Amino acid sequence: MKLKEVAAKTQVQKVVANKPMPVIKNYTDPSSGSVDRITPGSTARITSQNLKIDTSDALQGIFITPTGGGVETKVTTFIDNQPSTLTFVLPVGLPAGAYDLEVRVNRYKSKELRTANLGNVLTVN
């Protein structure tokens, strides 16, 4: 078959490109040895992919919000800020209760903020 014949029989289909999204696989609070607790003032670690944060951008970061809504608290101190690992200091002063954790990143200078939720409820005792 000639190339022109093949090209005439071939159908072209537009495919949407996948956007690299942050993903959270694991959360650990080494101070309590737990995967579902927050110990204010101690370190914690998130592992997975596409997590690296531009800490100079106020919209990006790790945000801890009371489950059901309320004022979110942004994590401000990072020990390790890598694409596959974020190690950070949990904010001091979080009152007892249930919280959701979210990572917001802006990949490759895109104009779109991309978000990953932990999916588990974290507890401050």
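## Strands β1 and β2

In this predicted model, strands β1 and β2 pair in the antiparallel sense. Five bridges link the two. β2 covers residues 43-49.

Strands of a sheet pair through backbone hydrogen bonds, and the pairing can be parallel or antiparallel.

## The four-stranded sheet

Which strands make up the open sheet, and in what order? There are four, in the order β1-β2-β6-β5. Their pairing is antiparallel. β1 (23-28) and β5 (78-81) stand at the edges. Each edge strand has a single partner, so one of its sides has no neighbour in the sheet. On average, neighbouring strands here are turned by 15 degrees against each other, direction ignored.

## The whole chain

Along the principal axes, the C-alpha trace spans about 70 × 25 × 25 Å.

Buried residues make up 32% of the 125 residues. The accessible surface is about 8000 Å². Carbon and sulfur atoms account for 53% of that surface.

## Two loop residues

N50 lies in the loop between β2 and β3. Is N50 buried or exposed? N50 is buried, because its relative accessible area is 18%, and the cut-off for buried is under 20%. The backbone of N50 also deserves a look. Most residues other than glycine have a negative phi. N50 is not a glycine, yet its phi is positive, at about 55 degrees.

V71 sits in another stretch, the loop between β3 (61-66) and β4 (73-74). Its relative accessible area is 70%, so V71 is exposed. The cut-off for exposed is over 50%. Which residues does V71 touch, not counting those up to four places away in sequence? They are I64 and P66.

Notes. Residues are numbered from 1 along each chain as its sequence is written. This is a predicted model: local features need pLDDT of at least 70, side-chain atom pairs count only at pLDDT 80 or more; totals for chains, interfaces and linings use all residues. Side-chain values use heavy atoms; hydrogens and water are left out. Buried means under 20% relative accessible area, exposed over 50%, partly exposed in between (1.4 Å probe, protein chains only). Contact means heavy atoms within 4.5 Å. Two strands pair if DSSP finds at least two bridges between them. Axes are lines fitted to C-alpha atoms, for helices over the stretch in contact, and angles run from 0 to 180 degrees between N-to-C directions. Accessible areas come from the Shrake-Rupley method with a 1.4 Å probe; for residues, only the protein chains shown count as cover.
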